[in-house]
Amino acid sequence: MRKFWHLIVLLTTFFVPSLSFAKEPVTINFAPTTAAIISPERGFWRFVADDFATATDQDLAALYDEGLTLGYGVVRLDKYRAIELPREFLAQLETRFAATRKAGIKIILRFSYNYPSSSSEYEGAKDAPLKIVLKHLEQLTPLFEKNSDVIAAVQAGFIGAWGEGHTSSNQLDTDENKGIIRDALLTAVPTEVPLQWRYPADLVGWQEKGERGRFGFHNDCFLSSPTDVGTYSENENQRKSEREIMASLTEKQFHSIETCDADKNAIRNDCASIMQEGAEFHVSGINREYYRAFHERWEKDGCMPEIAAKMGYRLRLLDAKIANGTIEVTIANDGWARLARPRQLELHQGGQVVSLGDLQQISAGAKVTYKAPFSKNDQTDVLCLSAPDPNTSLRGNARYAIRFANSDRPEQTWRDGAFCFKAY
């Protein structure tokens, strides 16, 4: 994988420098683009394989080739409902994270002791005793820590059918046991990795008690009935409250969703609904493969390109102003959500790198101006803006750098992880 910092140095010589600098103040305006943007931790996702632990390198590489930066990795623990995880299994998972890193994507993880092929089969689905679940989380903790760079989120999993938190064969879905598993996950998963829970009622109850921790939400039946097929309460007033709290929660927590099969008269698969609720619930990722009735309607009615553009963050450079020894860079977020994790905006000039501030502070629909000291020099008049992955393991990999929603112009060029422009 090419290191894009070397390319930034090359880009500063790409333009013909003008060593007779113009007088300040200088304003550089950036052109927007409506093109699809491949950028990390956002967008459509799909299953990597039936079991992440057995996914091939080719399975993982195929996602980025398809324009996806998120994969869904269900780890099947069916064989281990009564025993500890074998060392060989943990080593196998480690190789899959290494392949994920090589592929240039990140994984939404869920661990499950079963995965029924249909809703008619889940009543017989078995999970593991609480003691085994806690032991498995203890064993997985070093794996989470070592590979947090390529884990987009960890969904609670473990409990019941599909790891969705219901119909447990071992009473894992009692309030007490859900609380124990919640706390074990908060301990096992590094603080920088988003955590997701399936049901708003749990999240609301924990929030009222101050016990939610950093858990966000995932909705596996988004737009699929008035209650999103049991996601929300049947009681209308309670459902309204839950939806309002989830809308507020997802403003700051990573929210990925899928739609599901329901009464065709109940689903809200029109463009108006996804555009409204996608923004309301700050959706960062959508299952590309299920449920197809939604995708087909969005494609037919013409809003699919806008959905693809709006999911998650969409950061657009507006302008850069240089005056009085200061540079100010203004960025808008045209997406539905803010970044899932903190990430620094960096300015590169003549081999010098200055951090301007955290891009996560730009909420959906907002714009923020970043300021830093700036000194002209006679080495170059070309500047580059970049937002590399904060993890040292990924920092030099252009696939993990944020792509700004700006078009190339004669003196403004995006190349391999940075947007470079002539300043004078």
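Five strands, in the order S13-S12-S15-S17-S16, make up an open sheet with antiparallel pairing. This is a predicted model, so treat everything below as read off computed coordinates.

**The open sheet**

- Strand S13 (352-358) and S16 are the edge strands; each has a single partner strand, so one side of each has no neighbour in the sheet.
- Going from one strand to the next, the twist averages 20°.
- At the S16 end, 4 bridges join S16 to strand S17 (residues 418-422), and the two run antiparallel.
- Within that pairing, Arg415 sits opposite Ala418 in S17.

**Salt bridges**

- The count comes to 26 salt bridges.
- One of them joins the side chains of Asp149 and Arg101, with N to O at 2.8 Å. Asp149 is in the loop between helix H4 (130-146) and strand S5 (151-155), while Arg101 belongs to helix H3 (residues 87-103), so this pair ties together parts that are 48 residues apart in sequence. Both Asp149 and Arg101 are buried.
- Asp389 and Arg343 form another, their closest N and O atoms being 3.5 Å apart. This pair also links distant parts of the chain, 46 residues apart: Asp389 is in the loop between strand S15 (382-386) and strand S16 (412-415), and Arg343 in the loop between strand S11 (326-333) and strand S12 (344-349). Asp389 and Arg343 are both buried.
- Lys178 pairs with Asp175, and here the closest N and O atoms are 4.0 Å apart. The two are 3 residues apart in helix H5 (residues 175-188), which means about one helical turn separates them. In general, an α-helix has 3.6 residues a turn, so residues three or four places apart point the same way.
- Asp175 is exposed, at 63%.

**Helix H2 and its buried side**

- In helix H2 (residues 57-65), the buried residues are Leu60, Leu63 and Tyr64. They cover an arc of only 95° around the axis, so they end up on the same side of H2.
- The face turned away from that buried side carries the exposed residues Gln58 and Asp65.
- What do the buried residues of H2 pack against? Their partners are strand S2 (43-47), strand S3 (70-76), H3 and strand S4 (106-112).
- After H2 comes Gly67, with a positive phi near 85°.

- As background, most residues other than glycine have a negative phi, and most peptide bonds are trans.
- The peptide bond joining Tyr290 and Tyr291 is cis, with omega about 5°. Tyr291 lies in the loop between strand S9 (285-287) and helix H9 (292-301).
- Thr167 is not a glycine, yet its phi is positive, near 50°. You'll find Thr167 in the loop between S5 and H5, and at 22% relative accessibility it counts as partly exposed.
- Leu223 likewise has a positive phi, about 65°, without being a glycine. Leu223 is in the loop between strand S7 (215-219) and helix H7 (236-249), and it is buried, with a relative accessible area of 0%.

Methods:
Residues numbered from 1 in each chain as written. Predicted model: local features only at pLDDT ≥ 70, side-chain atom pairs only at ≥ 80, totals over all residues. Heavy atoms only, no water. Buried < 20%, exposed > 50% of the residue type's maximum accessible area, 1.4 Å probe, protein only. Pairing = 2+ DSSP bridges. Axes fitted to C-alpha atoms, helices over the stretch in contact; angles between N-to-C directions. Arc of directions from axis to C-beta. Contact = heavy atoms within 4.5 Å.
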